[in-house]
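Student: Could we go through the overall build of this chain, then its cores? I have the sequence and the coordinates open.

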Amino acid sequence: MKPVNIYLLSQVKEEQLFSRYENMLSGRKEEKRTKVHEQLSLCLLVNHLLLSGTSLEAMDGFFYSYTIQHISKEFDLLKFSSDCKKILNIELKSVPVKQTDMEKQLLQNQHYLQHLSNNILSYVYVASKNLLYTLDVKKGLISCAFEHLVEDMMSFGDVFRNDIDALFEASDYLISPLNTPEKFLNHNYFLTNQQEDFKNSILCHLKDSEHNPTLIGISGSAGTGKTLLLYDIAKSCAETSRICMVHCGLLSNGHYYLASHIEHMDVLSIADLNEKTSFSSYQYIFIDEAQRIYQDRFQIIEAAARLHNISCIYSYDPRQVLSNEEFKLDISSRISSMTHYSYKLSNRIRTNKELASFLTSFFDLKRKIYRYTYESVDILFASRFLESVRFLDFYAKEGYTFFNFTRFTYPQQIFDISHDETAILQVIGLEFERVCILIDGSYTYNEKGVLQATGTSDSDYMALKLLFQAVTRTRDKLCIIVVEDLSFFQQILNIKADCLFD
């Protein structure tokens with residue numbers, strides 16, 4: 001996406017033509033429709049800037065209505081100096097909103113921009129009242145004159161004119177309690193409005209449950225921020241109460257780090273729970289990846305909660321079961337039926353839209369989406385297993401993580417040779433910037449174009465679910481290496497080729 005001159009953009013008044021014109025000027029990869037009130041707010045701002053003495057040159061170099069890839073974070077107007085050491089952010093409001101909300105938005109915007117510069121000039125323009133606000137030195141919202149904004153706009157010399165996506169990497173703003181526990185403990189993150197609302201409601205229920213324990217469920221698909229919300233609530237509760245975090249998988253370094261740095265919080269693996277585990281000192285039990293609890297451990301937690309009047313908060317995703325036994329047990333339905341309060345996260349905050357679009361087609365060939373070229377996906381063919389090892393070694397040097405969830409179907413020698421393999425069961429709840437996977441005859445498409453797994457003879461772990469778990473943990477780039485199966489390779493290559501040459 002390229003910067004535009006907002007004066008030139010504002011000269012087109014017709015709604016549909018404005019959107020086409022803006023898309024052309026900015027060179028968007030994905031078509032965007034501008035709403036009428038957004039267009040009107042921009043035009044009014046430009047008019048008042050002209051009346052306040054700004055120049056045509058000063059209105060050049062703005063990125064209009066930019067959304068950071070992977071998350072639903074949008075900026076109305078952004079301008080960068082050529083070295084990105086100075087940034088101007090202007091948010092447009094068609095009607096008045098609470099000043100606390102405007103202040104919060106500008107502070108959040110600064111959070112997402114601070115990896116580039118600490119010199120961030122922030123403004124809010126309210127079109128219907130023709131009012132302008134900025135942040136003072138103490139980060140508080142104050143009203144200001146248009147001349148103040150004009151002065152800042154004209155202080156830019158050469159501006160950044162390259163693709164704005166190059167300025168933002170997923171690791172700059174996607175915070176995971178388990179991948180980046182230091183940033184989590186320093187609260188270098190923001191919850192979405194939905195997460196914030198759920199958190200406040202849940203804390204109120206927990207406060208009222210001191211003498212009447214409650215059961216709470218937090219559900220949502222991959223990327224909606226269940227784990228972040230769960231750990232954020234747990235961190236708040238640990239300030240006044242002793243809590244236990246139960247992770248339904250193997251513990252990672254992030255778990256141990258949080259356990260050692262958050263006072264009053266213990267972290268346990270579900271595998272370590274038994275009838276002798278004592279929960280009597282806890283006021284709250286938090287259960288992450290709860291869909292993976294087996295019957296006996298689920299009953300242990302249930303019994304402890306009843307015996308000691310402990311409130312439980314379950315975080316789960318019904319789709320993320322990894323074995324036939326988990327699928328048949330269907331703990332998610334049981335949790336849903338027994339909880340007093342249920343919260344379902346719907347807004348994805350960890351989503352590479354291009355990658356998500358590709359995976360939609362990958363799992364179902366008939367669901368093709370033509371708006372992307374899938375530059376974040378590499379599709380390779382290896383004529384034999386030993387050849388694929390060279391690919392794996394090359395991509396490992398490029399920072400890719402190879403998930404070893406095919407041990408049950410692949411010849412053992414490939415794993416003896418390959419390095420940096422990661423068992424998917426060891427990283428439940430973690431996220432990865434770049435992921436590499438192998439596909440062989442264990443997968444095929446049925447007559448309806450839906451991806452199928454042929455089965456795993458040595459384990460009940462479902463190959464399709466394991467594959468789904470791996471790819472939905474990918475933040476930035478995915479590499480698929482198809483081994484020997486030329487027909488399958490051609491089918492998934494067509495997903496990308498059809499979009500490139502349509």
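**Fold, surface and cores**

Student: What does the accessible surface of the chain come to, and what share belongs to carbon and sulfur atoms?

Tutor: This is a predicted model, where local features need pLDDT of at least 70 and side-chain atom pairs 80 or more, while totals for chains, interfaces and linings use all residues. Residues are numbered from 1 along each chain, and side-chain values use heavy atoms, without hydrogens and water. Areas follow the Shrake-Rupley method with a 1.4 Å probe. The surface is about 22700 Å², and the carbon and sulfur share is 49%.

Student: Why does the radius of gyration of the chain agree with a compact globule?

Tutor: The radius is taken over C-alpha atoms, and the globule rule is 2.2 Å times the number of residues to the power 0.38. For 502 residues that rule gives a value near 23 Å, so the chain agrees, at 26 Å.

Student: How much of the chain is buried?

Tutor: Buried means under 20% relative accessible area, with a 1.4 Å probe and protein chains only. Of the 502 residues, the buried share is 54%.

Student: Which residues have the most contacts inside the largest nonpolar core?

Tutor: Such a core joins buried Ala, Val, Leu, Ile, Met, Phe, Trp, Tyr and Cys residues through side-chain atoms within 4.5 Å. The largest one has 60 residues, and the most contacts inside it belong to Phe-286 and Phe-362.

Student: Which residues beyond four places in sequence does Phe-362 contact?

Tutor: Contact means heavy atoms within 4.5 Å. The partners of Phe-362 include Ile-439, Tyr-445, Leu-451 and Leu-467. Also among them are Ile-480, Phe-488, Ile-492 and Ile-495.

Note on methods. Buried < 20%, exposed > 50% of the residue type's maximum accessible area, 1.4 Å probe, protein only.
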